[in-house]
Structure formats: structure tokens, C-alpha cells
Amino acid sequence: MTPSALGDWLDSDASHQAGQHKDGGESTGHASGRRILDILRSTKGDLSDDDYQHMRKVVGYIRRHLAQRPSGDVSDSRWRHSLMNWGHDPLA
């Protein structure tokens, strides 16, 4: 997803509802999406080792969840919304 598309998605109600919420707070995926957005808006020289480590985590998450694609129409599914929180729209 582009930074603007990810930012718009993270501002949506559907984004806030997707994923696992700990103690009623922000979901893990939503917090990751905010971090991804910061990384995407940074210059390469400003990225830290932690940023690179986070993006490796993101790639692993996306690969695992793409392999778990549910059958049927996924356009408004929790599966798709969760992936979008992590910066990947499987329908794009």
C-alpha cells in the first residue's frame, strides 16, 4: 500500500476494529501499521536497525497470513482488514 493509502486506511473505523486487541486498546496490527507508515515516510539513511527488524517481522506476518487465505469473497473480511493494517492489501 502507498503511504497515503495506508494512512487513510489506518484512520478508518474498519482498521481500528481489525486484529487482536489487548485489554481493549489498539490492535497489534494497527500499531504496526502506524510504525510502517513512519518507516515509509523516512529516508533510507534515517532508518534504524529496529526499523529493518520491524519490516522483517511485517514480511513474515504477511507471508503467513497470505497462506491462510479464506475461501469466498474476502473484500470485506477480517483477514483482509488485518493484512491491510500491516500495510498489504491482498486485493490490490
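Biologist: Which residues of helix H1 are buried, and against which helices do the buried residues of H1 pack?

Modeller: In this predicted model, helix H1 spans residues 3–10, and its buried residues are Leu 6, Gly 7, Trp 9 and Leu 10. These four cover an arc of only 165 degrees around the axis, which means that they lie on the same side of H1. The partners against which the buried residues of H1 pack are helix H2 (13–17), H3 and H5.

Biologist: Is His 30 buried or exposed, and which side chain is joined to that of His 30 by a polar contact?

Modeller: His 30 lies in helix H3, which covers residues 28–40. Its relative accessible area is 5%, and because buried means under 20%, His 30 counts as buried. Leaving aside neighbours within four places in sequence, His 30 is in contact with Leu 10, Ser 15, His 16 and Asn 85. The polar contact, at 2.6 Å, is with the side chain of Glu 26.

Biologist: Why does Asp 38 count as exposed, and how far apart in space are Asp 38 and Pro 3, C-alpha to C-alpha?

Modeller: Asp 38 is also placed in helix H3. Asp 38 counts as exposed because its relative accessibility is 52%, and the cut-off for exposed is over 50%. Although Asp 38 and Pro 3 are 35 residues apart in sequence, their C-alpha to C-alpha distance is 8.8 Å.

Biologist: Is His 81 buried or exposed, and what is the length of the polar contact that joins the side chains of His 81 and Asp 76?

Modeller: His 81 is found in helix H5, and with a relative accessible area of 11% it is buried. Not counting residues up to four places away in sequence, His 81 touches Trp 9, Ala 14, Ala 18, Ser 75 and Asp 76. Between the side chains of His 81 and Asp 76, the polar contact is 3.3 Å.

Biologist: Which element gives the most residues to the lining of the largest pocket?

Modeller: The largest pocket holds about 230 Å³ of space. The elements that each give two or more residues to its lining are H3, helix H4 (49–66) and helix H5 (78–85). With 4 residues, the element that gives the most is H5.

Biologist: How do the residues of that lining divide into nonpolar, polar and charged?

Modeller: The residues that line the largest pocket include Gly 19, Gln 20, Tyr 61, Arg 78, Trp 79 and Trp 86. Asn 85, which is in contact with His 30, is also one of the lining residues. The lining divides into 3 nonpolar, 8 polar and 1 charged.

Terms used
Residues are numbered from 1 along each chain as its sequence is written. This is a predicted model: local features need pLDDT of at least 70, side-chain atom pairs count only at pLDDT 80 or more; totals for chains, interfaces and linings use all residues. Side-chain values use heavy atoms; hydrogens and water are left out. Buried means under 20% relative accessible area, exposed over 50%, partly exposed in between (1.4 Å probe, protein chains only). A polar contact is a pair of N or O atoms within 3.5 Å; within protein, one must be able to donate a hydrogen and the other to accept it, and residues adjacent in sequence count only if both atoms are side-chain atoms. Contact means heavy atoms within 4.5 Å. On a 1 Å grid over the protein atoms alone, a cavity is a set of points where a 1.4 Å probe fits but cannot get out, and a pocket is an open set with protein on both sides within 12 Å along at least five of seven lines; lining residues have an atom within 4 Å of a point. Grid points are joined across faces, edges and corners, and a volume is the space filled by probe spheres set on the points. Ala, Val, Leu, Ile, Met, Phe, Trp, Tyr, Cys and Pro count as nonpolar, Asp, Glu, Lys and Arg as charged, and the others, Gly among them, as polar. The arc is that of the directions from the helix axis to the C-beta atoms.
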